[in-house]
Amino acid sequence: MKIIWALIGALGVFSMNAVAADAGQVEQGKQVYQYWCWNCHGDGVGKPGTQALAAKYKGSKPTILDQRTDLTPAVTKIFVRKGVSIMPFFRKTEITDAQLNALAAYLARENAKVQ
Amino acid sequence: MPLLPPNVSATNFSEAVSQFQTVVGKEWVFTSDDDVALYKDAYSPFWGEKEEILVSAAVAPNTAEEVSQVVRVANRLKIPIYPISTGKNLGYGGSAPNVSGSVVLDLKRLNRIIEVDDKRHFAIVEPGVAYFDLYRHIQEKGLKVWADVPDPGWGSLIGNALDHGVGYGFGGFRDHFYSHCGMEVVLPNGEIVRTGMGALPGAKTWAEYHYGAGPYVDGLFSQGNFGVVTKMGFHLLPAPEAYLTGTVIVPKRNDIIPLVEGGNRLEHAGVIGMPEYGSPLGGFGGPPDPELRSLLAKPGGPSAAELEQHAEKTNRGFFSLTVQFYGGEKVVRAQWEYAKEVFAGIRGVKFNEGDFIKFPATDAQLDKAHKVAIGVPNMSIFTIGARSAFNPSPTDGHLWFSPIIPKSGEAILEAQDVFMKVFRDMNMPSLVSAFSVPATWMFRAFVFIMGLPVYRNNIEQNKKTRELVKHLIQVGADHGWGEYRTPPAFQQQVTDAYSYNNHALRRLHETLKDAVDPNGIISAGRYGIWPKQMRGQKKV
């Protein structure tokens, strides 16, 4: 019995650590989003990314990128590294792979809840 | 087989990469296809063609000392390098070099704000510092200064200034190279030099007095290839208490002549900030009304008289000038009254008082304002090219054609006529009309700028764009108008036009190039300056 509780306890700690790590990555991703993405994809006037997505999806999807629930990490990474339309691609001195992983995690944070 | 720099053996390239890794760490040397593809010009007019510029590697140092060590390696092994700051020079080449196979020296990691002084009004920064970064720093510290900002805000202060970039604020501050003060530069032999007062150990005024003693050399490092700039000082504007705009509207086409004369008088005397010319007929108010549309569709186009009649009938006016005032509230209101006196002699002139802001601006005021005019960096310029209800099929980018013309109404009218003819001759939809006005970023000249489309999947259209740009450059030069800035693909042609006395200026540049960079390692071909071993090939 002691062994089981020890395992549960260990797993619990492991699980909490995993959750903490994910939350930390999502928070880091939010910071990346606010620094690199918000100026084009945020709310308010003069946001070209928000404008473009409004014209593209015509109300079928949220226009503000971090309100989307369909952006998989793979999709985010493609857009950041390949660019789209007038949005250029971003170098690794701008957004490192680790920061891109965090950004992708942030933009996908609500996906599971709606699936 | 990986792309190699021109005239470099695989062995030497491999050794260089290894030594770069020793200097900056393996993480910051990029050689994989995916990684080096990030250094292409996102707005390349050669996208997908064999002429598209590709790089062999990129190396990203973290300090000026590391830059020096990287440059020493490159010089010893004769590796061509191409420094970039934030790499956002879109429309003028982005982060791509002039010569395929070059190693990009990516300075984004040099991102330190060294000093900002809001009592003596200057800043010293590294190349990786973007306008957004400096603005955030100033806001967080509560400093009472403005940096003059360009469109868009993610660019580097240093990169922008070195390519003669411009902004939207007050007076000479808008010319970002003119308003710089002091440089730290890594020369092609790896030596670090400081210019102006910075050459004096312990100098107290590096970012305040330009010249120090002796010849002033800073210009060599702008649009040039004589060194790698690792620090620069900039003069800043004391944060004004208030801001006011007013618009002057005139009824006739030729009224642009006294309108510009008045604008010059006010601007050159320091009364107004950047003048913004426009046409109520052809501005951003959406598509023209049906009557104007039918006038514009007439074979050969409408006459000036017909357009003036339309302007009078619709009570819109033909041209406008928005003037901007910065200072104390009493001062800016008095300046607007004075400005109205300056234009009062133009028959039929009308005045509209515009926005007034007493700082700090409210969110609503910020949303309404032209943010760059009040020192707030942003990205809204891209709303013009991004997908929208008016622009459902956007391009993938643009090239800028940027001829400098005299600061007069006569020059505006001539430039309209000359460039409209170019589009007619090439049987292309005209980007110029009888309502077109120049950009006014420069303090003492206009730039009759046009954005030409580029695509990632339309080689034929890109070819047409390239031919159009070449023709525009030639026609401009024939009329005494040279470009102030241009993408690498056109730098040879643009600088060829600056040919006084059998290209004496280029020959001087080449003499200096041979002396300062005998191995020709830095930015070969930039603005038509080639190292001796490549001269005559003029590769782009």
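**Figure 1. Strand S12 of chain B, a covered strand.** Let us start with strand S12 (residues 242–250) of chain B, which is mostly covered: 9 of its 9 residues are buried. This close-up, like the others here, shows a predicted model. B:Ala242, B:Leu244, B:Gly246, B:Val248 and B:Val250 point one way from S12(B). B:Tyr243, B:Thr245, B:Thr247 and B:Ile249 point the other way, and the residues of both groups are all buried. S12(B) runs antiparallel to S14(B), to which 9 bridges join it. To find this pairing in the view, look for B:Leu244, whose bridge partner in S14(B) is B:Phe325. S12(B) is also joined to S15(B), by 7 bridges, and these two strands run antiparallel as well. Here a handy landmark is B:Thr247, which stands opposite B:Asn352 in S15(B).

**Figure 2. The antiparallel sheet of chain B that holds S12.** Stepping back from S12(B), we see an open sheet of 4 strands in the order S13-S14-S12-S15 of chain B, with antiparallel pairing. Which strands stand at the edges? They are strand S13 (276–278) and strand S15 (350–358) of chain B; each has a single partner strand, so one side of each is left without a neighbour in the sheet. From one strand to the next, the twist averages 15°.

Figure 3. S1(B) pairs with strand S2 (residues 57–59) of chain B over 2 bridges, in the antiparallel sense. Within that pair, B:Val29 stands opposite B:Val59 in S2(B).

**Figure 4. Helices H11 and H12 of chain B.** Two packed helices are described by the angle between their axes and the distance between the axes. For helix H11 (residues 409–425) of chain B and H12(B), the axes come within 11 Å and cross at roughly 145°. The crossing in which H11(B) passes H12(B) is right-handed. On the H11(B) side, look for B:Val418, B:Phe419, B:Val422 and B:Phe423. They meet B:Leu468, B:His471, B:Leu472, B:Val475 and B:Gly476 in H12(B). Sorted by class, the residues of this contact of H11(B) with H12(B) are 7 nonpolar, 2 polar and no charged.

**Figure 5. Helices H12 and H13 of chain B.** Helix H12 (residues 459–478) of chain B also packs with helix H13 (residues 488–496) of chain B, at an angle of about 20° and with their axes 10 Å apart. H12(B) and H13(B) are therefore roughly parallel to each other. Their crossing is right-handed. H12(B) brings B:Arg466, B:Val469, B:Lys470, B:Ile473 and B:Gln474 to the contact, while H13(B) brings B:Phe490, B:Gln493 and B:Val494. How many of the residues in the contact of H12(B) with H13(B) are nonpolar, polar and charged? There are 4 nonpolar, 2 polar and 2 charged residues.

Figure 6. Our last stop is chain A, whose secondary structure comes to 5 helices and 0 strands. Of its 115 residues, 37% are buried. Among contacts in chain A with a separation of 6 or more, residues 24 or more positions apart account for 53%. The close-up turns to helix H3 (residues 73–82) and helix H4 (residues 97–107) of chain A, which pack at an angle of about 130° with their axes 8 Å apart. That angle makes H3(A) oblique to H4(A), and the crossing of the two is right-handed. From H3(A), the contact takes A:Pro73, A:Thr76, A:Lys77, A:Val80 and A:Arg81. From H4(A) come A:Asp97, A:Leu100, A:Asn101, A:Leu103, A:Ala104 and A:Leu107. By class, the contact of H3(A) with H4(A) has 6 nonpolar, 2 polar and 3 charged residues.

Terms used. Residues numbered from 1 in each chain as written. Chains lettered and ligands numbered in written order. Predicted model: local features only at pLDDT ≥ 70, side-chain atom pairs only at ≥ 80, totals over all residues. Heavy atoms only, no water. Axes fitted to C-alpha atoms, helices over the stretch in contact; angles between N-to-C directions. Parallel < 35°, antiparallel > 145°, perpendicular 65-115°, else oblique. Left-handed = near helix turned anticlockwise from the far one by under 90°. Contact = heavy atoms within 4.5 Å. Nonpolar A, V, L, I, M, F, W, Y, C, P; charged D, E, K, R; others polar. Pairing = 2+ DSSP bridges. Buried < 20%, exposed > 50% of the residue type's maximum accessible area, 1.4 Å probe, protein only.
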